[in-house]
Amino acid sequence: MLLPAALGLAVGLILALTGAGGGILAVPLLMFGLDWSITQAAPVALLAVGASAALGALIGLKQRVVRYRAAAMIAAIGVLITPLGVLLAHRVPTRPLTVAFAAVLIYVAVRTFLQASPRSPSADATQPAPCLTNPESRQLVWNQPCAGMLAGTGALAGLLTGLLGVGGGFVLVPALRRATNLPMQSIIATSLAVIALVSAAAITSAWFAGKLDISVGLPFVGGALAGMLAGRMIAGVLAGPRMQQGFALVAAGVAIGMLVRSF
């Protein structure tokens with residue numbers, strides 16, 4: 001039980017120091033640490049990522065920075081699509097699934113590294129965001145383009161959550177940055193709320209399918225929550241562009257290791 005707890009601790013620290021999207025390393029850590037396949041690791045990884053995201057979302061709700069209507073809509077679409085991803089995960093052979101995960105991990109690594117670079121282009125969109133906030137109420141003004149963008153984001157996040165066992169933060173955060181003019185604190189808190197809800201749907205599907213190993217999952221979750229709390233205390237000192245670039249390099253190395261392992 002010590003090894004899953006230690007792996008969970010690493011996941012929690014990564015999440016706290018790198019933000020939403022850092023949980024994508026939970027699956028490869030379980031694969032390498034416990035010699036599991038991706039279908040074995042995905043539900044346990046989601047259990048830890050979902051619990052950590054729920055903790056972050058609760059903090060965001062207390063601070064009133066979660067846009068709960070947007071989170072509810074994205075999550076509702078994601079929950080509907082997640083079972084399809086779970087079904088595909090158990091139909092697709094292990095090697096193609098591992099290659100797909102490695103490809104996603106490389107994409108996340110490259111994007112994170114470029115965004116952390118001092119020469120990275122500005123995150124401000126060149127076109128008006130489809131989801132703008134009301135200056136007085138600070139709530140999103142809903143319209144058809146806004147709803148369509150959020151629904152598409154939820155569908156993609158749900159599919160990847162069920163298929164690869166990732167929380168979807170690496171999809172949600174950039175999408176909300178492009179689609180809204182919300183402050184970053186609100187974007188991350190809303191993303192964490194969606195991750196918690198969509199992960200819960202995938203975990204429930206895995207539970208009823210008998211694919212969730214609770215004996216490993218519980219210490220892994222405990223370690224992740226401890227890592228999240230510890231990471232939040234030191235995030236002000238360690239978090240920053242260099243940490244993001246370090247995460248990107250580690251993620252790229254892990255992706256290469258997954259490809260080598262699969263072949």
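A residue counts as exposed when its relative accessible area is over 50%, and as buried when that area is under 20%. By that cut-off Arg-64 is exposed, because its relative accessible area is 74%. The structure discussed here is a predicted model.

**Loop residues with positive phi**
- Arg-64 lies in the loop that joins H3 and H4.
- Although Arg-64 is not a glycine, its phi is positive, at about 60 degrees.
- Asp-35 sits in the loop between H2 and H3, and its phi is also positive, near 55 degrees, in a residue other than glycine.
- Asp-35 is exposed because its relative accessible area is 60%.

**Helix H6**
- Helix H6 covers residues 144–164, which is 21 residues.
- From first C-alpha to last, H6 reaches 30 Å, close to the 30 Å expected at 1.5 Å a residue.
- At the start of H6, a side-chain oxygen of Asn-143 comes to within 2.8 Å of the backbone nitrogen of Cys-146.
- After H6 comes Gly-165, with a positive phi near 75 degrees.
- The buried residues of H6 include Cys-146, Leu-150, Gly-154, Ala-157 and Leu-164.
- Helices H2, H3, H4, H5, H7 and H8 are what the buried residues of H6 pack against.

**The nonpolar core**
- The largest nonpolar core contains 72 residues.
- Among the residues with the most contacts inside this core are Leu-164, Phe-101, Ile-24 and Phe-220.
- Leaving aside neighbours within four places in sequence, Leu-164 is in contact with Val-27, Ile-38, Ala-42, Leu-97, Phe-101 and Val-104.

Notes: Residues numbered from 1 in each chain as written. Predicted model: local features only at pLDDT ≥ 70, side-chain atom pairs only at ≥ 80, totals over all residues. Heavy atoms only, no water. Core = buried A, V, L, I, M, F, W, Y, C linked by side-chain atoms within 4.5 Å. Buried < 20%, exposed > 50% of the residue type's maximum accessible area, 1.4 Å probe, protein only. Contact = heavy atoms within 4.5 Å. Helix = DSSP H or I, 4+ residues; strand = E, 2+ residues; numbered from the N terminus. Expected span 1.5 Å × (residues − 1). Polar contact = N/O pair within 3.5 Å; in protein donor to acceptor, adjacent residues only side chain to side chain.
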